[in-house]
Amino acid sequence: MAGAAVLERLTTRAPLVWRVATVRETVAESARARTLALDVPGWPGHRAGQHVDVRLTADDGYQAQRSYSIASAPELDGVELTVELVDGGEVSQYLVEEVQNGDEFELRGPIGGHFTWSVDDGGPLLLLAGGSGLVPLMSMLRHRAAQASDVATHVLISVRSEADRLYAAELAALEPPDGLRIAWTYTRVPPAGWSGWSRRVDAEMLRGLGPGPGARPHAFVCGPTGFVERVAQLLVDGGHDPRTIHAERFGPTGG
Amino acid sequence: MTELYTDGNHVAGLLAEFLAADMTSTLRRCQSCHGEHAIAEHRAYQGAGAVLRCPECGDVALRIAELDRDVVLEWRGTYRARRTG
């Protein structure tokens with residue numbers, strides 16, 4: 001039986017190969033971020049939280065490669081990436097400002113098994129995003145919605161200002177609302193009349209958001225490296241079991 | 001300057017291409033400090049190739065690089081790797 005299980009694992013695992021992705025549609029998410037809906041023939045499907053490697057090749061053969069999180073739910077056909085502009089970033093600049101419908105580039109994925117969640121994993125869920133670190137968490141939220149799961153899910157999104165928010169309208173209307181709690185904190189310029197949090201994530205904020213360590217939530221933290229290190233440490237200091245904390249770090253500036 | 005690293009998730013594509021398996025959940029026990037952490041939680045420094053470092057002691061865990069069409073992997077900082085069932 002064990003041999004059969006191993007064999008099944010080996011044979012059902014799709015090989016990780018470079019595939020050609022064609023841009024089907026682009027959607028502006030903010031002044032600095034754009035969603036690319038891609039058709040990827042042969043795409044084997046993904047789990048919420050996974051990412052892809054994107055490879056661009058210039059006419060002279062120069063190649064550049066970056067990792068981007070998948071934003072779309074596994075239930076959706078194709079793949080959607082949300083890419084945020086990185087100052088001086090040659091790949092993000094192309095993907096956010098230049099690429100057009102019908103353009104092609106190479107893509108490898110889905111990648112990653114550590115930073116993933118499905119409704120079968122249960123809850124509660126604690127999703128903590130710094131800026132565009134929201135993207136893989138959005139895939140989890142869309143998966144939860146597609147499965148009509150009411151698993152307790154608390155989300156905290158830290159952004160500099162209102163202009164940096166992603167998916168704000170969709171988040172406000174996410175189904176099912178039962179068990180779902182979404183909070184924002186603005187670290188530089190809160191919106192006019194804002195009475196919520198307007199500071200960097202801290203211990204008091206995490207206590208206010210819940211669920212606490214006693215509930216053993218599956219915690220997913222994604223964002224710039226500094227954000228992730230600080231928030232993961234706050235969770236550990238707050239009593240969360242490190243084994244329940246999953247992190248993904250973007251580097252100094254993100255994406 | 002302390003935030004220039006990413007993490008093992010960003011090396012997962014190259015590792016998967018080489019080892020034909022996702023390695024992010026694989027637990028690696030460090031040869032230096034014997035701390036055990038998922039590959040995804042390791043610090044990744046990327047230049048001409050990538051270096052993974054132990055998140056606990058900072059010692060080199062694994063190096064991987066593409067050289068021409070080859071992929072070269074060196075993991076001598078690893079005492080033991082464990083895949084949980």
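The model is a predicted one.

Helix α3 of chain A covers residues 134–146. The surroundings of α3(A) were examined next. Of its 13 residues, 11 are buried, so the helix is largely enclosed by the rest of the structure. The buried residues are A:Leu134, A:Val135, A:Pro136, A:Leu137, A:Met138, A:Ser139, A:Met140, A:Leu141, A:Arg142, A:His143 and A:Arg144. Charged side chains are thus among them, including A:Arg142 and A:Arg144. After the helix comes A:Ala148, which has a positive phi, near 50°.

Helix α6 of chain A covers residues 225–237. Buried positions in α6(A) are A:Thr225, A:Gly226, A:Phe227, A:Val228, A:Val231, A:Ala232 and A:Leu235. An α-helix has 3.6 residues a turn, so residues three or four places apart point the same way. A:Val228, A:Val231 and A:Leu235 are among the buried residues with such spacing. Within chain A, the buried residues of α6(A) pack against strands β7 (125–130), β8 (153–161), β10 (218–223) and β11 (245–249), and against helix α5 (203–209). They also pack against β1 of chain B. The residue A:Gly239 follows α6(A) and has a positive phi, near 105°.

The contact between the chains was then described as a whole. In chain B, 22 residues are in contact with 25 residues of chain A. The size of an interface is often given as the accessible area lost when the parts come together. Here the buried area is about 1800 Å², and carbon and sulfur atoms give 45% of it. There are 3 salt bridges between chain B and chain A. One of them joins A:Arg249 to B:Asp7, with the closest N and O atoms 3.1 Å apart. Across the interface, 15 residue pairs are in polar contact. On the side of chain B that touches chain A, two elements give two or more residues: β1 (6–7) and α1 (12–19). Helix α1(B) gives the most, with 5 residues. By class, this side of chain B has 9 nonpolar, 6 polar and 7 charged residues.

B:Ala61 lies in strand β6, residues 60–67. Its relative accessible area is 1%, so B:Ala61 is buried. Beyond its neighbours within four places in sequence, B:Ala61 is in contact with B:Arg28, B:His42, B:Leu52, B:Arg53, B:Cys54, B:Trp75, B:Arg76, B:Gly77 and B:Thr78. B:Gln31 is 30 residues from B:Ala61 in sequence, with 8.2 Å between their C-alpha atoms.

B:Arg80 is found in strand β8 of chain B, residues 78–82. With a relative accessible area of 40%, B:Arg80 is partly exposed. Residues up to four places away in sequence were set aside; B:Arg80 then touches B:Leu27, B:Arg28, B:Arg29 and B:Glu36. B:Ala44 is 36 residues from B:Arg80 in sequence, and their C-alpha atoms are 19 Å apart.

Notes. Residues are numbered from 1 along each chain as its sequence is written. Chains are lettered from A and ligands numbered from 1 in the order in which they are written. This is a predicted model: local features need pLDDT of at least 70, side-chain atom pairs count only at pLDDT 80 or more; totals for chains, interfaces and linings use all residues. Side-chain values use heavy atoms; hydrogens and water are left out. Helices (H or I, at least four residues) and strands (E, at least two) are DSSP runs, numbered from the N terminus. The expected span of a helix is 1.5 Å times one less than its number of residues. Buried means under 20% relative accessible area, exposed over 50%, partly exposed in between (1.4 Å probe, protein chains only). Contact means heavy atoms within 4.5 Å. Buried area is the accessible area (1.4 Å probe) that two parts lose on being put together, summed over both. A salt bridge is a side-chain nitrogen of Lys or Arg within 4 Å of a carboxyl oxygen of Asp or Glu. A polar contact is a pair of N or O atoms within 3.5 Å; within protein, one must be able to donate a hydrogen and the other to accept it, and residues adjacent in sequence count only if both atoms are side-chain atoms.
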